[in-house]
Structures are given as structure tokens and as C-alpha cells.
Amino acid sequence: MNATDFLERLRGKRIVFVGDSQNRNMWKSLDYNCSLQYVSAPFLVSETSIKLENGTTATETLRLDLMHKKSWAFRDADVIVFNTGQWWNYEKTSKGENYYQEGTFVYPKLKVLKAFEKALNTWGKWVDQNIDTNRTQVIFKGYSFTHFKSGQWNTGGQCHKETEPNFSEIFLRKYPTKMKIVENVLRRMKTPVIYMNISKLTDYRKDGHPSIYRTEYKTEEERVAALHSQDCSHWCLPGVPDVWNQLMYASLLKSGQGPWTKRVY
């Protein structure tokens, strides 16, 4: 990683990270005289709401057939880094009940992976129809594993006693089905997209999460409470997101397009 070379190539240019808070993690590890933006779009597609039959109460839905409402604002960036996956789970999608929408139709029940596939197809079509590949390089960063034990983020999951990475593949999990769906979508697209496959890489780093150390606790009560609400899905800085940016730098150099065609430093 030649950080000076990487950032000099970005000088005066615009790189946008679009996705969930793990992309925000990656965004925070960069800083230079270029435009660095983060767009919160955890599903990539548009979140909306509909009125119930009584016309008084609105319920949240996810438009699987519409790209995120802010997509017009970043489509002309020099580099766009997309990601999604962390929010596509049973709890964060209202258990799949009356949540997913296409057109005016709201699915009474739809499985998360099926909805994920529909959303990724929408994203792929939007990229093909809206991105000028002579100007913009598109990157899709894969799914980053979490390392909760004895529960999830909202059920007492923990990772605060992890002090070393996994050193053996026997402790790693299976390749995420979500990323197999992403790869199928990428194969069907006409736009060349750099795919940063970081799933296995991050699964080794069970020791790299903020866990209970996101803040300084002033009382014993605060410290005890932190044990029951740990962050085992995001990453400490310096740490794993810096490696993602190293991989992005290498991937852009390999692409050999635009400012990545010759060495600056």
C-alpha cells in the first residue's frame, strides 16, 4: 500500500461510499484533499412507507424495484463503492411480513434472500443504465462477517474476550449465500464492476471489533451495561477497514483506467 500514491491519484476527485455502516467504517479510514462522501443506504434500494387501509397510520416498506432516492447525487462520482448485506436479516426487515414492495404490491410474506436478490437486480440495472464507465469506476465490497457469541447484537451477543485472530480455517464459516447472489448479478451486468471479496478475510479477525470499547465508561454500572450491548459487527480503526482501502487501491491499479494508469509517487 502506497498511501501517498493512492491519495494523490484521488486529489481533486470524488469517491462515494454507498451502503451500510460497514461502508461508513471504510470511509472513515480515508482523509485527503479529495471529496470523500458517505451515503447511508443500507439496502441500496429505496425505503418508503404506505398508508394502511384506515388511512391514518403509515408502515415502512422497502421498494425492491427502486434504487435509493439519493442515487442521482452520486452517479457521476469518479469512484463509487457500494455495499449491502448487514441489514438483510430477519429482524431488521420486519420478519419479512408486509415489508417488501414492488410497484403498489406489498408482499404479505417474502424470504430475506429472495428480497435481497430482487434488490441486487434493481441495483445492477440501475448501474448499467446510469453509470458512464468512461468517468466512473464502480466497486462492490462484499459482506463482512460479524463475531457475536452467545447471541446477536440485541440478545446479549459478545466478543470482548477475543484477543487474537482465527489462525485456522476450520473455525471459519461457510461462504455467505448473499455474496453468491451478488456474484450472479455481477456476471449478468454489462458494466465492469470491481468486486472486493472480503468475506473470508474478515472472518479471521474476530479480535478486531470495538466490542465494549466504543466509549469510556465513567461508572461501574455503565461498564456492566456495556457487556450486554456490544459492537461485534463494526471494526476498530486502525484496523480491518484500512485493509479494505489497501485492497481498493490495488484493485484500482489493476483496473488501469483513468488516474490509475500510471504511477504518481
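**A tour of the interface between domain 1 and domain 2**

Begin with the boundary: about 610 Å² is buried between domain 1 and domain 2, and carbon and sulfur atoms give 43% of that area. Buried area here is the accessible area (1.4 Å probe) that two parts lose on being put together, summed over both. The model is predicted, with pLDDT of at least 70 needed for local features and 80 or more for side-chain atom pairs, while totals for chains, interfaces and linings use all residues. Residues are numbered from 1 along each chain as its sequence is written, and side-chain values use heavy atoms, with hydrogens and water left out.

Next, select 3-144 + 175-204 + 237-260 as domain 1 and 147-165 + 207-234 as domain 2; such bounds come from an automatic or database domain assignment. Their C-alpha centres lie 27 Å apart.

Now display the contacts (heavy atoms within 4.5 Å). Domain 1 contributes 9 residues, and domain 2 contributes 6. Across this interface the rule finds 0 salt bridges, a salt bridge being a side-chain nitrogen of Lys or Arg within 4 Å of a carboxyl oxygen of Asp or Glu.

Then colour α2 (21-28) and α5 (199-203), the elements that give two or more residues to the side of domain 1 touching domain 2. Helices are DSSP runs (H or I, at least four residues), numbered from the N terminus. The most comes from α2, with 3 residues. By class, that side of domain 1 holds 1 nonpolar, 5 polar and 3 charged residues; Asp, Glu, Lys and Arg count as charged, and Gly is among the polar ones.
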